[in-house]
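Subject: Structure handover and notes

Hello,

Here is the structure for you to look through. My notes follow it.

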Amino acid sequence: MANAEQEALELVFKQPTFASRVFSQKTILNTISVVSVFVAWTLLVHFQVYRFSLLPSPVEVLEWGREWVTTKIFWIDAGMTTARVLVGVTAAYVIGIPLGLMIGWKKVFSDLTFPMLEILRPIPAPAYLPIAILLLPWQEASVAFIPFIDALFPVLLNTIIGVKLIDRDYFRAAQCLGSSPRQIFWHVVLPGALPSISSGCAIGMGIGWMGAVVGEMITGKWGLGYRIWESYILIRYPLIIDGMIAIGILGFASSMLIRYLTIRLIPWRRAITESLDESITK
Amino acid sequence: MQFQRKFVNWSLVRKILSMVIFILFWTILVQFIDYFHQIPTPKAVFLAIFELPVPVVLKNIGISFFRVLGGFFVGVLIGFPVGVAIGYSRILNHLIFPSFEMARPIPPIAWIPLTVLFFINFESQAIFLTFYGAFFPIVYNTMGGISEVDICLPRAAMSFGVGKKLMLWKVILPAAMPQVFTGMKLAMGVAWILVVAAEMMSNKGGMGYYVWYNHAVMDYPHVVLAMGIIGLCGAICSVGIGVVGNYFTRWQRLV
């Protein structure tokens, strides 16, 4: 009896040792997962299965990548793409967040503006490219229009959802205490919607990267998207994958940065409860 | 309050008014501000409808629909079971999920050069791209839907002695369905973006090509019209998924 009790206590209060954490089932399986992708890739290329013979092996990709990072062109490309994403997505924030707050808060304003936006929403961003080229005569700038369009709708819709999800009692309480509409806006609407705005901003940043790459591939002479397309044409195949990895890392880093910055604004609610994807489509 | 019958639905009036304002705003912008003078007026776009080469456009719509739906259905056929497996089994989750997480930050668009390299003809390239774009939203939302099922539901089923198979089919999957269909809607949006981008970059037909072709011959009213048609196609697909989704989540209306 005493023995069983002790065992149970040990089971509950046993601290996981360092070894048990490192060699846990989860880490082992995760390592297998990641390693097997690279092993499969190497083997498929090595034994020239189907058209894998055309693809570069991971080792080649690594070697080319190491060389590429030291060139000036890489830094210009990366800087160009990042600048476009930042300009486009920031414009989307500046327009999307206030518009979303007003649409979510005031029914009249929503009726007057939202139907129009709903018509524009299903048009995929690359289709805006001819219009962007018309509006912005400098071709390199017109690419920034695509991340703007791409990021605008997730930001806008998440802001609207954020306002709509605020407990009605907060508005009533504020009104009871005699707040002016301006005070309600600054102290109820804006802070209430912040968690949802934060997730909208992160999604917008992620999609913005996609938009910049599309724009650069279709029209553009600089940027990572253009570079991977050029690498295909010039038969520098390893650079395609290096470019993809660079885009992935930069995109991931910028989303993380946005998440980190916005989460600092909402210390009272660390966990963003709203399901991100759900709020886009509603 | 409830007994007062409203004769005028002001909300609807305002919504219609917003359309009118939008078109007026567009006209004024183009007509009176020099910077925008190259953009076609609403009138020009409306008149372009009558000059639309209907057979060509219908053919291009058909081509784009084929590519989108082809990739989308392959995405559902592969993505849904994978999502269920990852969401249901912890071991499979640990085994598969990290490799997906590696690929996720790379936008599907960036795969275009590789797909062009790997697949010989354009149809398979386009279908692979739409498949790839549709795959991740479906997998992630299926997984999320399953992991967020209210724990009380499987517990209740278990206390009634439900077996593993029945649990999956009758409890877990129906409860996860709303989010699965959210994922599908997202996937459809991504698939349309990818198709338009891929078609713009090649000359193998489709609505993206049609937009780019009209841009090349400087026929801007038709560009705007084609954008509208693409938007309409996307909206139709989204509504279609909503209808199918309503059927699969009909239990929600009973609750």
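Met218(B) counts as exposed because 11 C-beta neighbours lie inside 10 Å, and a residue is exposed at 12 or fewer. Met218(B) sits in the loop between helix 9 and helix 10 of chain B. Its phi is positive, near 60°, and Met218(B) is not a glycine. Please keep in mind that this is a predicted model, and that applies to everything below.

Ile235(A), not a glycine either, has a positive phi of about 55°. Ile235(A) lies in the loop between helix 12 (224-233) and helix 13 of chain A. With 9 C-beta neighbours inside 10 Å, Ile235(A) counts as exposed. Helix 7 itself (residues 152-159 of chain B) is hardly covered, since the count of buried residues among its 8 residues is 0.

Chain A overall

Chain A contains 14 helices and 0 strands. Its pattern along the sequence is therefore a run of α elements, α-α-α-α-α-α-α-α-α-α-α-α-α-α. Of the 282 residues in chain A, 38% are buried. If one takes the contacts in chain A between residues at least 6 apart in sequence, 76% join residues at least 24 apart.

Helix pairs in chain A

Two packed helices are described by the angle between their axes and the distance between the axes. Two pairs are reported here in those terms.

Helix 5 (residues 72-105) of chain A and helix 9 (residues 145-164) of chain A have axes that come within 7 Å and cross at roughly 30°. That angle makes helix 5 of chain A roughly parallel to helix 9 of chain A, because angles under 35 degrees count as roughly parallel. The crossing of helix 5 and helix 9 of chain A is right-handed. Sorted by class, the contact of helix 5 with helix 9 of chain A has 21 nonpolar, 6 polar and 2 charged residues.

Helix 11 (residues 181-218) of chain A and helix 13 (residues 237-265) of chain A pack at an angle of about 165°, and their axes are 9 Å apart. Helix 11 and helix 13 of chain A are therefore roughly antiparallel to each other. Helix 11 passes helix 13 of chain A in a right-handed crossing. From helix 11 of chain A, the residues that meet helix 13 include Leu194(A), Ser198(A), Cys201(A), Trp209(A) and Val213(A). From helix 13 of chain A, they include Ile247(A), Gly251(A), Ile258(A), Arg259(A) and Leu265(A). By class, the contact of helix 11 with helix 13 of chain A has 10 nonpolar, 6 polar and 1 charged residues.

Contact between the chains

The contact takes 48 residues from chain A and 52 residues from chain B. On the side of chain B that touches chain A, several helices each supply at least two residues, among them helix 1 (10-32), helix 6 (122-147), helix 8 (164-201) and helix 10 (220-248) of chain B. Helix 8 of chain B gives the most to this side, with 11 residues. The residues of the side of chain B that touches chain A divide into 34 nonpolar, 15 polar and 3 charged.

Core

The largest nonpolar core has 121 residues. Those with the most contacts inside this core are Tyr128(A), Ile146(A), Val213(A), Ala191(B) and Ala197(B). Helix 8 of chain B gives the most to this core, with 19 residues.

Leaving aside residues up to four places away in sequence, Ala197(B) touches Pro126(A), Val214(A), Ile218(A), Ile109(B) and Gly208(B).

Met200(B) is found in helix 8 of chain B. Is Met200(B) buried or exposed? Met200(B) is buried, because 25 other C-beta atoms lie within 10 Å and 20 or more are needed. With residues up to four places away in sequence again not counted, Met200(B) touches Pro126(A), Ile218(A), Gly208(B), Tyr209(B), Val211(B) and Trp212(B). Met200(B) and Tyr210(B) are 10 residues apart in sequence, and their C-alpha atoms are 8.1 Å apart in space.

Regards

Technical notes:
Residues numbered from 1 in each chain as written. Chains lettered and ligands numbered in written order. Predicted model: local features only at pLDDT ≥ 70, side-chain atom pairs only at ≥ 80, totals over all residues. Axes fitted to C-alpha atoms, helices over the stretch in contact; angles between N-to-C directions. Helix = DSSP H or I, 4+ residues; strand = E, 2+ residues; numbered from the N terminus. Parallel < 35°, antiparallel > 145°, perpendicular 65-115°, else oblique. Left-handed = near helix turned anticlockwise from the far one by under 90°. Nonpolar A, V, L, I, M, F, W, Y, C, P; charged D, E, K, R; others polar. Contact = placed C-beta atoms within 7 Å. Core = buried A, V, L, I, M, F, W, Y, C linked by C-beta atoms within 7 Å.
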